[in-house]
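Biologist: Can you put the model up and take me through it?

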Amino acid sequence: MSEHKVYKLDTVEVSDAWKKRAYIDNDKYLALYKESVEAPDTFWGREGQRLDWIKPYTRVKNSTFAYPDVSIKWFEDGTLNVSANCIDRHLAKRADQTAIIWEPDDPETPAQHITYRELHDNVCRLANVLKAQGVKRGDRVTIYLPMIPAAAYAMLACARIGAIHSIVFGGFSPDSLAGRVEDCKSAVIITSDEGRRGGRSVPLKANADAAAEKSGHVEKILVVRHTGGDIPWTEGRDIWLDEAMAEASPDCPPEEMNAEDPLFILYTSGSTGAPKGVVHCTGGYLVYASMTHQYVFDYHDDDVYWCTADVGWVTGHSYIVYGPLANGATTLMFEGVPNFPDPSRFWEVVDKHNVTIFYTAPTAIRALMGAGEDYVTKTSRKSLRLLGSVGEPINPEAWEWYYHVVGESRCPIVDTWWQTETGGVLITPLPGATKLKPGSATRPFFGVQPALVDSDGNMIEGPGQGNLVILDSWPGMMRTVYGDHKRFVDTYFSAYKGMYFTGDGCRRDEDDYYWITGRVDDVINVSGHRMGTAEVESALVAHPKVSEAAAVGFPHDIKGQGIYCYVTLMAGEHEMDGLKKELRDWVRNEIGPIAAPDHIQFAPGLPKTRSGKIMRRILRKIAEDEYGNLGDTSTLADPSVVSHLIENRQNRR
Ligand code: 6R9
């Protein structure tokens, strides 16, 4: 990306206009932050009031990070319903206001504007359909849908009746879907005939069928009619959702839920084993999603807010659906991709709907930056006033391009650091309060106490670099791993006792600004999507010709990180280029397109310690082309393996 401007901005000061308009200026930030960590019960007790409670809470925070007795509860004696908070309570004032703007994949297809009244009607009907199919409070419902309004209806319908939704990203394979259905024992899948992305169809119903066949649990598949494409049909199991909703009552009283009742499960990759079912609960999650959406994006009533994520990821949960709708916002849902029909699409959608707040991922910014400025500058974008970034570290070049070209140097960028596990944004600028530094997520949100520790767990004070931990609980954090509380405690609280370990490395500068440097565990961040190396490896070794595999990340211009795989074949199998493609397609089919390896290198042997542990550190260096600096290799069982890998790596250039 050397043809682009070199990073030169040092800091961007908060403008007077922003100081005037924003909810939070710097003095307010400092005062409220202090209160939030020194008197959390007072601070959050007040913030909890942003929601409508059926039975008010009397207890605010009740949590401990003490290993192994980790327990997190917020507002624990309060009751409420998330769907009533996202819809019903807005009806008096906003029944005719647009809740959701839907922008389809094909720009020729008309957009839809769904009002809060229509949202209420659809959610109640869908909730009644679920009830009629026997779904009860606490049951798990799997949602496997494209970016269409029905995805939001389905989420809110589950919340309405107290069912726990588990959304599986539409890009995941039938196997991945089956694994997630199986893990949470979900008897119902909500899907659509097909999805549409970038002009291409995605066979969602066919995938759901294949998943249902693999997993014994699925009793009903509710199907949204979306593209009208031909699909297989199983009488007695499959139900057209439009027909069922037309017959259902538009009235469905919201279930009274405890603040600590689960709202959803979302599977995410970690450094070991199968994806974990991250559990988020009702009260604390919604308070946190609502509050961060309001302050991080400085959302006001006249805004049109667009987050380009997919509802299959946590960003879609918290910042397309729950946060915005809890705040009575107008939220845009986009079915398509940034470069279809061409790389102007995002900005054309901004102009078409007068979007004021735009939130996307660095990978999209880098891809659009590569397509050239003309695609941006030919659009107006005058409605924009704030830009956001999420999912991976944003490199300063991309930050500057986003800031100068897209935002015409007038829109602050909020670089928001957070995770599936955290439920909402933890480290971020606030546009009226925080001077920006390109590439830094800057400062903690209210109630968040970040710290850096070295690998022995010693606290690093002042400027320095280390592993990012969080010292105390905030309302939006995950409560457990579905069905496996021990895994929750072991994964997040055992490395540094008494602290939540994020898995990220981080630098803190002289202004106490945080700079996330990326994962320090075996998680690869591909285009902002988390991929466990263990998952890619187990997909590869499931191939009959593969005996052993190791996957590592390497720097990739567009995706941030790409997947580099070392593969040892079974004896008698031969290395050939056709086999690389076969293995790539294999992983794509096993997990989904986002997991497809960028590079495969055949390796007669992998570098291992004498106890047989693969030395990934060395494999990472080779993938990064950094042979001069392999670090300590004295524990290698067979050093010749490494020279062989380097030779092969160099030969393929
Ligand atoms: C929200 C989301 C979480 C991981 C996280 C970190 C990376 C997210 C970031 C960022 C640097 C940012 N990450 N936002 N790194 N700057 N602003 O992305 O959740 O899919 O669980 O990924 O993404 O490495 O640990 P999730």
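Modeller: Below we go over a sheet, a site from a record and some salt bridges.
Modeller: This is a predicted model, where local features need pLDDT of at least 70, side-chain atom pairs count only at pLDDT 80 or more, and totals for chains, interfaces and linings use all residues. Residues are numbered from 1 along each chain as its sequence is written, and side-chain values use heavy atoms, with hydrogens and water left out.

Biologist: What is the strand order in the open sheet of eight strands?
Modeller: The order is β12-β11-β8-β6-β7-β14-β15-β24, with mixed pairing. Strands here are DSSP runs of E, at least two residues, and helices are runs of H or I, at least four, numbered from the N terminus. Two strands pair if DSSP finds at least two bridges between them.

Biologist: Which strands stand at the edges?
Modeller: β12 (238–240) and β24 (480–481); each has a single partner strand, so one side of each lacks a neighbour in the sheet.

Biologist: Which helix packs on that sheet?
Modeller: Helix α8 (residues 174–184), which touches β6, β7, β8 and β14. Contact means heavy atoms within 4.5 Å.

Biologist: In what sense do β14 and β15 pair?
Modeller: Antiparallel, over six bridges. Ile-265 stands opposite Val-279 in β15.

Biologist: New topic. What does UniProt list for "binding site"?
Modeller: The unreviewed entry lists several residues, including Trp-417, Asp-504, Arg-519 and Arg-530. UniProt positions are in the numbering used here, feature names are shortened, and annotations may be inferred rather than shown by experiment.

Biologist: Is Trp-417 buried or exposed?
Modeller: Trp-417 counts as buried, because its relative accessibility is 7%. Buried means under 20% relative accessible area, exposed over 50%, and partly exposed in between, with a 1.4 Å probe and protein chains only. Trp-417 sits in the loop between β20 and β21, and among the residues it touches are Leu-468, Thr-502 and Asp-504.

Biologist: And what does Arg-519 touch?
Modeller: Leaving out residues up to four places away in sequence, Arg-519 touches Gln-419, Thr-502, Gly-503, Asp-504 and Arg-530. Arg-519 is in strand β26.

Biologist: How many salt bridges are there?
Modeller: The count comes to 47, taking a side-chain nitrogen of Lys or Arg within 4 Å of a carboxyl oxygen of Asp or Glu.

Biologist: Which part of the chain holds Asp-511, and which Lys-435?
Modeller: Their side chains meet in a salt bridge at 3.8 Å, N to O. The pair links distant parts of the chain, 76 residues apart: Asp-511 is in the loop between β25 and β26, Lys-435 in the loop between β20 and β21.

Key
Axes are lines fitted to C-alpha atoms, for helices over the stretch in contact, and angles run from 0 to 180 degrees between N-to-C directions.
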